[in-house]
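Dear colleague,

Please find below the structure that I am handing over to you. My notes on its cavity and its salt bridges follow.

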Amino acid sequence: MLGQRLMEEQDQSVSLLERLVQHARATAAFNVYFGRGRDRFDVRGRVAHESLFNVANGSYRGPSTQQGYSPFSTWTRGLAWAMLGFAEQLEFIETVPEQACEPCGGRASIDAMLLDAARATCDHFLDIAAADGVPYWDAGAPGLQSLDGWRDRPADPFNQHEPVDSSAAAIAAQGLLRLAHVLERRGSASDAGRYRQAGLRALDTLLAEPYLSVDPAHQGLLLHSVYHWPNGWDYVPPGAATPRGESSQWGDYHLREAALYVKRLADGAPYLAFFGPESDAGLGPA
């Protein structure tokens with residue numbers, strides 16, 4: 001896998017590893033904010049759903065979104081994708097020989113970039129999720145101003161102002177747990193513990209009512225997932241002002257994967273990553 005190459009236009013050879021690193025660096029540079037004065041909206045860890053570029057010269061044009069509230073607010077499922085993606089790439093790059101990383105700037109450089117982005121996005125999630133680890137669908141959604149103290153109490157999937165997104169919580173929980181695993185192996189026990197507890201808190205919330213479906217007639221597993229609230233594609237029950245009660249394939253999948261992840265760790269089973277088990281991936285204790 002590490003040495004695999006593809007053939008592009010005019011039979012040009014393309015390294016999959018180089019493409020992975022290029023994409024990760026571009027995502028970190030343009031979709032993740034680090035609180036370093038990039039613009040007036042530069043809050044560390046927040047993310048833009050999309051980044052737009054000039055197709056003629058490749059210059060950056062600005063942030064955008066389709067499923068979030070605005071280009072300058074954080075769509076929480078997009079944040080969760082970033083959390084998990086950077087954490088999993090951290091796990092992967094540890095398995096890549098240094099020689100293979102040299103054309104991409106070396107493993108230390110790649111690792112530092114991934115770790116910076118993973119920690120920033122995970123920290124921001126801890127800032128904008130409700131107390132039980134479940135976020136509302138967008139951290140800048142205007143109806144949140146009507147939910148006094150929403151950060152300091154459990155999320156309310158039945159409120160009439162803004163929907164929660166349980167699928168974002170399921171994805172984020174796994175990102176937090178995987179980042180904790182990386183940090184623990186590197187000797188950062190206190191930081192690892194903070195992320196692990198946050199991930200377990202979110203997962204504990206999702207694996208119980210009102211988020212876990214207990215109706216045998218319901219075809220989903222994880223309730224109160226949001227798909228595309230700006231376009232109105234989510235079911236709003238009669239008498240309600242916000243969607244609730246729906247499941248999604250990404251919510252159900254990541255809840256199952258996160259639950260299996262925790263169970264395997266609790267049982268002392270081999271650690272699983274997207275690229276193989278611990279014995280193959282080299283993810284044993286550092």
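How many nonpolar, polar and charged residues are there in the lining of the largest cavity? By class, the lining has 5 nonpolar, 3 polar and 2 charged residues; here Ala, Val, Leu, Ile, Met, Phe, Trp, Tyr, Cys and Pro are taken as nonpolar, Asp, Glu, Lys and Arg as charged, and the others, including Gly, as polar.

Please note that the model is predicted: local features require pLDDT of at least 70 and side-chain atom pairs pLDDT 80 or more, whereas totals for chains, interfaces and linings use all residues. Residues are numbered from 1 along each chain as its sequence is written, and side-chain values use heavy atoms, without hydrogens and water.

**Cavity**

The structure contains 1 cavity of 30 Å³ or more. A cavity is a set of points, on a 1 Å grid over the protein atoms alone, where a 1.4 Å probe fits but cannot get out, and lining residues have an atom within 4 Å of a point. The largest cavity holds about 40 Å³ of space, the volume being that filled by probe spheres set on the grid points, which are joined across faces, edges and corners. Its lining consists of Pro157, Pro163, Val164, His224, Ser225, Val226, Pro243, Arg244, Gly245 and Glu246.

**Salt bridges**

The count of salt bridges is 12, each defined as a side-chain nitrogen of Lys or Arg within 4 Å of a carboxyl oxygen of Asp or Glu.

One of them joins Arg77 and Asp165, at 2.8 Å from N to O. Arg77 belongs to helix H2 (residues 76-93) and Asp165 to the loop between helix H4 (107-128) and helix H5 (166-185), so this pair ties together parts that are 88 residues apart in sequence. Helices are DSSP runs (H or I, at least four residues), numbered from the N terminus. Both Arg77 and Asp165 are buried, that is, under 20% relative accessible area, with exposed meaning over 50% and partly exposed in between (1.4 Å probe, protein chains only).

A further salt bridge pairs Arg178 with Glu91, the closest N and O atoms being 3.1 Å apart. This pair links helix H5, which holds Arg178, to helix H2, which holds Glu91, across 87 residues. Arg178 is buried at 4% relative accessible area, and Glu91 is buried at 0%.

Arg119 and Asp191 also meet in a salt bridge, 2.7 Å from N to O. Since Arg119 lies in helix H4 and Asp191 in helix H6 (residues 189-206), the pair ties together parts 72 residues apart in sequence. Asp191 is partly exposed, at 22% relative accessible area.

With kind regards

Definitions and conventions. 1 Å grid on protein atoms, 1.4 Å probe; cavity = no way out; pocket = protein on both sides within 12 Å on 5 of 7 lines; lining within 4 Å. Helix = DSSP H or I, 4+ residues; strand = E, 2+ residues; numbered from the N terminus.
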